[in-house]
Each structure stands twice: as structure tokens, then as C-alpha cells.
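The following paragraphs lead through a protein model step by step, from its overall make-up to individual side chains. Please keep the sequence and the structure in view while reading.

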Amino acid sequence: GVSSQVKGQHQLSSPDQRSIDTPSRITHLGIMVLGLLAFLTGDLADDYDEGVDWGFDVHAWLGLAVGLFIVGRLVLGVFGPEDARFSRWLPVTRERWRQAIEDVLGLATLKLPKRDVRQGIAGAVQAFGLLLFTWFAITGFLLFLFLEPGVRSSGMIHWVEEAHEAGEEMIPIFLALHIGGALAHLLSGRNLFRHVFFLKRHEKL
């Protein structure tokens, strides 16, 4: 009857049953692949000190590509599907802190509570990653505009360069948290890898 239909709709829209929307998966994949390549080519960018800028160009264009995906994710966070909006993360309430702590405690027993993938510790790690890559995109774009090959940076652009390089130290931490979290979900029975890589289109998270 009507009550069973309502119940079924509620179950399909519950946090345990939501799947990641396609635009979010595309932006996640773009940021992940291009961001990793930009990180790995970071040392090549040092050749600008010698006036040979091919390595800097490779790193810069990869960074600009990441920046486009970052902009896309920010747009989704404001105007995109409900599950992709930043309201999933903000405001930071006591309840959201409680969920994150509950998830951390659950890691010890590999029994993570089933919740929306943008809530709890998973949501906190995603928010951290988005802030980190947004920082890279802003500082990297400024370096692309004002840094000259063969000319040592000075003044404000020097501090921008230092800030950009300081962020690189945070990448391994973020990767350890992000990949470790995905592996923890896998061991607890939730394969997020297949869903993110479009290998299992209809899997619910």
C-alpha cells in the first residue's frame, strides 16, 4: 500500500543507501589523477632557477588542470546535487564531531558505522583534501602568473612560493588518511574503490 511505498522511498534515500553522484566522481577522479601527477612532478619545477623551464611548464599545466577540477568541485559544493553540497560538512556541529570520533574508534575493530560517505571521519578527510588542493590551486596559479624562469623570487611572490611548497608536506599525510580510510571501509565490507572508478555503477554506499 501507500505506507510500504513511502517506507521504500525512505530506505532508498537513507544515508546508508546513497551513492556518490556522477559529477562528484568525475571531479574526484580528475583531482586524484592530475593532483598526483602534479605532486610527482613538483621537483621538475625547480629548473626555473636555471632558466630552463620545461619542467616548470609540465608541473604548471598539470596544476592548472587540477585547478579546473577544483573549481568544478567548488561549484558542485554550492549549486550541485544535495549530497555533493558543502552543507554535508558545514556547519561543524557537536553531532558531526561525535560521528567522526565514533568512526575513529571503529577503525580499531574494522566495524565502521554505515553512514553517508561525506559524514564522519570520511567527510573530515575529504574536506581536508579539498582545502589542501584549493590552497595548491590558488598559490600555484599566482606562481604561474608572476614567477619568471631564471629569476629568483622575492617579496610577496617568494612567500607565495614558500606557502605552495609547504603544502607539499601535507600531501603524504592526506594520502595516508584518504587511502587508509578507503581500505578500512573495504575491510569492513564497503568497496568504495569500485564505485569511485565507475567499476560498479549501481553499488550503493
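The chain accordingly has 8 helices and 0 strands. The model is a predicted one.

Some totals describe the chain as a whole. The protein chain has 205 residues, of which 36% count as buried. Among contacts with a separation of 6 or more, 64% are between residues 24 or more positions apart.

Which residues have the most contacts inside the largest nonpolar core? They are Ile70 and Phe133, in a core of 15 residues. At least two residues of this core come from each of the helices α2 (22–40), α3 (54–79), α5 and α7 (171–187). Helix α5 gives the most, with 5 residues. Apart from this core lies another, of 7 residues, which includes Ala45, Ala60, Leu143 and Leu147. The surroundings of isoleucine 70 can also be listed: leaving aside residues up to four places away in sequence, isoleucine 70 touches Ile31, Leu130, Phe133 and Thr134.

A pair of aromatic rings is described by the distance of the centres and the angle of the planes. The structure holds 4 aromatic pairs. In one of them, tryptophan 61 and phenylalanine 144 are 5.5 Å apart, centre to centre, with 70° between the planes. This pair is edge-to-face because an angle over 60 degrees counts as such. The two residues belong to distant parts of the chain, since tryptophan 61 is in helix α3 and phenylalanine 144 is in helix α5, 83 residues apart. Tryptophan 61 has a relative accessible area of 54% and is therefore exposed, whereas phenylalanine 144, at 28%, is partly exposed.

A further pair is formed by phenylalanine 128 and phenylalanine 174. Their ring centres lie 6.0 Å apart and their planes meet at 65°, so this pair is edge-to-face. It too links distant parts of the chain: phenylalanine 128 is in helix α5 and phenylalanine 174 in helix α7, 46 residues apart. Is phenylalanine 174 buried or exposed? Its relative accessible area is 9%, so phenylalanine 174 is buried. Phenylalanine 128, by contrast, is partly exposed, at 26%. Ring pairs join Phe128, Phe133, Phe136 and Phe174 into a cluster.

Attention now turns to the surface. Ile138, Phe141, Leu142, Leu145 and Phe146 form a nonpolar patch there, and their accessible area together is about 480 Å². One of these residues, leucine 145, is found in helix α5, which covers residues 120–146. Leucine 145 has a relative accessible area of 46%, so leucine 145 counts as partly exposed.

Finally, a charged residue in a loop may be examined. Arginine 88 lies between α3 and α4 (94–107). Why does arginine 88 count as buried? Its relative accessibility is 12%, and buried means under 20%. Arginine 88 and glycine 77 are separated by 11 residues in sequence, and their C-alpha atoms are 9.1 Å apart in space.

Note on methods: Residues are numbered from 1 along each chain as its sequence is written. This is a predicted model: local features need pLDDT of at least 70, side-chain atom pairs count only at pLDDT 80 or more; totals for chains, interfaces and linings use all residues. Side-chain values use heavy atoms; hydrogens and water are left out. Patches are made of residues with over 30% relative accessible area and no salt bridge: like charges are joined within 9 Å, nonpolar side chains (Val, Leu, Ile, Met, Phe, Trp, Tyr) within 5 Å. Accessible areas come from the Shrake-Rupley method with a 1.4 Å probe; for residues, only the protein chains shown count as cover. A salt bridge is a side-chain nitrogen of Lys or Arg within 4 Å of a carboxyl oxygen of Asp or Glu. Helices (H or I, at least four residues) and strands (E, at least two) are DSSP runs, numbered from the N terminus. Buried means under 20% relative accessible area, exposed over 50%, partly exposed in between (1.4 Å probe, protein chains only). A nonpolar core is a set of buried Ala, Val, Leu, Ile, Met, Phe, Trp, Tyr and Cys residues joined through side-chain atoms within 4.5 Å. Contact means heavy atoms within 4.5 Å. Rings of Phe, Tyr and Trp (its six-membered ring) pair if their centres lie within 6.5 Å; planes under 30 degrees apart count as stacked, over 60 as edge-to-face and the rest as tilted.
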